[in-house]
Each structure stands twice: as C-alpha cells, then as structure tokens.
Amino acid sequence: MSETQRNLFNRRAGHLWMAGACVLLAIVFVVSVPSPSPPDPEPAKVQTLPAPRRDAQRPPAVFDVEAFKRTIIDNNLFRPLGWTPPRPIEPYRLLGTILARDANTPSQAILQSTATKTTHIVSLGEKIDASTEVVLIAAKQVVVSTNGQKRTLRLPIGF
C-alpha cells in the first residue's frame, strides 16, 4: 500500500469514527430528553342511585323450586350417555273392536289386561277398573280415560 492510499484510508476511517460518534450522541440525547406526557384525564363523574327506602316492600323473587329440581332430576349428570327414560307399560292392550251396525247394538271393544292377562269386553262409558273408563270406540282404536288423562289404544299394524 502506498503512502497516499494509507492517508486516504486513515482519513475515511476518521470520518467513520466521527459519524458513529454523532449517531451515538443523537441516541443518548433522544433517550435522555423526557418526552412530553399527555394530560391527565379528568375523573369520570359517578352517578349514584338514591338509596331504597326502608319502608318500601320488595316483591318476592319468582323462582320455581320444583321446576329447578325437575331439571336436575331429568338431566342427571351421572346417567350413561344416550340414556332414555323407560317407556311406561300400558296396563291394557286392544285386541279388537266391534262397531255398531244399527241403533240396537252398541260398539264394543275387546281389551286384555297386560298384568293379569284377563280379557274384558266393554262398551262406551263402561269402567274397566276403578279409575279407567272407556271414552270412545272407533275402528281399530279405543280411547280410555284414567283419572282424567286420556290415552288411545290402537290395534297393532297387520291386524
């Protein structure tokens, strides 16, 4: 390397040192000078409701305890997945109907008790047992009423 090249190199290195020092000084200046902070926000005004009168009576809370308990019982957490409640067993089964052809012969239904396997031939308005009464006799179906609750008994398909 010649003498002129070395002088040129030293001069450039000196300029780089000076530029680096200026950048460092600018960084120190920016960091050390505090920036203006935004003004403090005004406190929010709080509106308060007037205190309730002690002599005013509150209405009772409406809460149906029985419905709440029924929900817990119906949706039991500890039942297996896919569990369905068992179907109630119908106490009577319809075996057939005899429809009236004239005013002298009433419509009749042949019912069988599922518990005792006894057969009952009943007409409209007759009681099968103490609480069950025949309400309607139609083709292939009979409507019975037990304690005011009506149920329809139908002949199985294919009869």
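## Exercises on a predicted model

By the rule that a salt bridge is a side-chain nitrogen of Lys or Arg within 4 Å of a carboxyl oxygen of Asp or Glu, the count comes to one salt bridge. This is a predicted model, in which local features need pLDDT of at least 70 and side-chain atom pairs count only at pLDDT 80 or more, while totals for chains, interfaces and linings use all residues. Residues are numbered from 1 along each chain as its sequence is written, and side-chain values use heavy atoms, with hydrogens and water left out.

**Exercise 1. Find the two side chains that meet in the salt bridge, and state which parts of the protein they tie together.**

Step one is to name the pair: the side chains of Glu90 and Arg151 meet at 2.7 Å, N to O. Helices (H or I, at least four residues) and strands (E, at least two) are DSSP runs, numbered from the N terminus. Step three is to ask about cover: Glu90, with a relative accessible area of 27%, is partly exposed, where buried means under 20% relative accessible area, exposed over 50%, and partly exposed in between (1.4 Å probe, protein chains only).

**Exercise 2. Describe the order of the elements and the extent of the chain.**

Begin with the elements: the protein has two helices and six strands, and read along the sequence they follow the pattern α-α-β-β-β-β-β-β. Then turn to the extent, for which the C-alpha trace spans about 140 × 70 × 35 Å along its principal axes. Finally, compare with a globule: the protein has a radius of gyration of 48 Å, whereas a compact globule of 159 residues would have one near 15 Å; the radius is taken over C-alpha atoms, and the globule rule is 2.2 Å times the number of residues to the power 0.38. Of the 159 residues, 14% count as buried.

**Exercise 3. Examine Lys117 and Asn147, and say where each is found and what its phi is.**

For Lys117, the place is the loop between strand E2 (108-113) and strand E3 (119-123), and the phi is positive, about 60 degrees, although Lys117 is not a glycine. At 54% relative accessibility, Lys117 counts as exposed.

For Asn147, the place is the loop between E5 and E6, and the phi is positive at about 55 degrees, although Asn147 is not a glycine. Asn147 is exposed as well, with a relative accessible area of 67%.
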